[in-house]
Amino acid sequence: MTGAEKSITYSSTRGCPTQKSISFRTAVMRGLAHDRGLFVPDSFPTVSPEELESWRNLSYADLATEVIGKFVKDDEVPRDVLAGIVKKSCGAFRSEDVTPLIKVEGHYILELFHGPTFAFKDVALQMLGNFFEYFLSTGSNDGRLAVLGATSGDTGSAAIYGLRGKKGVDCIILYPNGRVSEIQERQMTTVPDDNIHCVSVEGTFDDCQDIVKASFANQEFRDRVKLGAVNSINWCRVLAQTTYYFWSYFRVTDAEKDVKEVNFSVPTGNFGDILAGYYSKRMGLPVGDLIVATNENDILHRFFTQGEYHREDIQATISPSMDICVSSNFERYLYHLAGDDSTTLANWMSAFESTGKLTISGKMLDKARADFKSARADTDATLKIIKRYNSDHEYMLCPHSAVGVDAVHQLNTADSATVCLATAHFAKFGDACSMAVDPLPTLPKQLSKLWKMQIRSSNCPNDATVVQAFMEKRIEERIAKHAARDERKKMLKNVVLVSAAVGALAMAVSALRRR
């Protein structure tokens with residue numbers, strides 16, 4: 001790589017002229033484009049077969065540096081700094097491989113739950129937190145950022161663990177009251193750092209997401225609090241997740257010499273995880289089928305089978321992180337499906353937002369089906385898979401991961417060329433898993449101790465104005481607290497300096513007297 005190489009730039013899916021050719025730094029710090037679109041790369045770097053093969057024996061951290069480095073050059077983040085950010089992020093994982101791969105019942109399972117919150121989102125959010133810290137320390141946002149995120153379960157705790165204690169950052173996480181598992185709620189609400197604020201909202205995940213979007217659309221509020229995004233709409237999260245597709249490809253083809261392309265089955269809610277696989281394929285990774293696996297909230301399955309992206313009421317299921325009726329990252333794929341035409345995409349989204357329906361057919365639907373396969377697993381099928389894999393292989397799947405595994409059996413691709421993404425540790429969904437396996441295996445000690453810790457959270461109605469007022473109050477309180485603390489430190493330092501000076505003067509006077 002030479003110093004003359006330039007980083008990839010980004011533009012909004014909705015085409016606003018002021019939201020074009022944005023830098024990586026700006027895209028990460030801004031999160032959501034100001035026209036309510038999502039940032040997509042203006043071009044895609046390619047990886048040649050020779051370059052790909054040269055990465056085969058790299059550690060996970062070094063591989064991630066190479067993959068991210070295809071998008072982010074020295075003009076944005078110096079390579080040694082990038083390597084340091086990646087290494088620090090990977091250091092938060094319990095496995096040396098970060099995302100280890102195992103073989104069960106003839107197919108592979110990619111374990112993405114070895115981070116601090118036992119969910120796949122740790123991979124991206126540890127990295128995003130460290131990018132935030134670097135950008136704030138080097139001039140962005142006057143050193144201050146207010147992150148507002150919505151969670152259907154795992155994003156919240158992963159964001160919190162990625163941002164806790166970060167200088168200049170306030171993290172406000174909204175979650176639907178009564179619609180996340182108890183362990184997910186405890187992971188969020190037991191973090192004591194004063195820059196972390198958990199808010200249960202009376203409504204669904206989509207209501208929480210709508211509050212986030214409304215807050216970003218409010219320019220005065222957005223600019224006043226220095227608003228930033230941590231949800232999967234943030235480009236950094238998608239980019240960070242591409243690495244484990246490359247990693248999986250290498251590990252499968254290390255073991256299976258006859259495999260030329262690797263298939264991936266991905267439990268899918270907001271579409272960010274599988275989108276990383278789609279982008280990896282566009283970069284040149286030999287990917288076969290990308291399987292969108294859904295639960296009863298099957299808007300994506302209906303789109304890829306019938307061409308109907310039609311919003312329906314959310315059904316509460318045992319895989320709550322997928323209980324979503326509008327996939328926030330899907331807009332990025334729709335933009336590409338429209339031939340990277342922002343006018344077409346903007347018209348589609350405007351119609352969808354007003355009618356709740358977007359329908360495609362003919363060649364457009366054929367193209368979508370060529371890009372993705374899909375399957376739907378209901379609660380009964382999910383529980384059967386959890387029970388069978390435990391009884392036959394002594395392997396526990398979380399409900400979301402089980403949806404992905406069931407999908408490969410439905411599509412007859414449960415073989416050595418297929419990887420199922422295991423998105424969370426089963427212990428995060430103990431109540432659901434105990435419906436299939438009783439008693440459950442012992443919980444990891446990091447999770448069992450949560451019941452002994454004090455919780456801290458607030459409750460707000462489903463009202464963006466109320467949530468915004470809450471945010472500003474909490475941010476002001478934290479800033480005032482830190483200012484008072486800094487003033488006390490300054491005063492203490494002055495007292496120490498004065499005491500030292502007085503002591504030195506007293507010693508000098510004493511010495512003179514002895515003369």
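This is a short tour of a predicted model, stop by stop.

Residues are numbered from 1 along each chain as its sequence is written. Because the model is predicted, local features need pLDDT of at least 70 and side-chain atom pairs count only at pLDDT 80 or more, while totals for chains, interfaces and linings use all residues; side-chain values use heavy atoms, with hydrogens and water left out.

**Stop 1: strand β6**

Select residues 169-176, which form strand β6. Helices (H or I, at least four residues) and strands (E, at least two) are DSSP runs, numbered from the N terminus. In β6, 8 of the 8 residues are buried, so the strand is largely enclosed by the rest of the structure. Buried means under 20% relative accessible area, exposed over 50%, and partly exposed in between (1.4 Å probe, protein chains only). One side of the strand carries V169, C171, I173 and Y175, and the other D170, I172, L174 and P176.

**Stop 2: the neighbours of β6**

Two strands pair if DSSP finds at least two bridges between them. Look for A150, which stands opposite L174. Between the two strands, the chain passes through helix α6 (residues 154-163), and this β-α-β crossover is right-handed. That term means that, with the strands pointing away from the viewer, the path from the first strand over the helix to the second runs clockwise.

Now select residues 196-201, strand β7, which is also parallel to β6 and joined to it by 6 bridges. Here P176 has V201 as its bridge partner. The chain goes from β6 to β7 by way of helix α7 (residues 182-189), in a right-handed β-α-β crossover.

**Stop 3: helices α5 and α6**

Show helix α5 (residues 121-137) with α6: their axes come within 8 Å and cross at roughly 35 degrees. Axes are lines fitted to C-alpha atoms, for helices over the stretch in contact, and angles run from 0 to 180 degrees between N-to-C directions. Contact means heavy atoms within 4.5 Å. Residues to pick out include L125 and F132 of α5, and A158 and Y161 of α6.

**Stop 4: helix α12**

Finally, select residues 299-306, helix α12, where 6 of the 8 residues are buried, so the helix is largely enclosed by the rest of the structure. The buried ones are I299, L300, H301, R302, F303 and F304. Among the elements covering them are β10 (287-294), α13 (330-337) and α15 (362-371).
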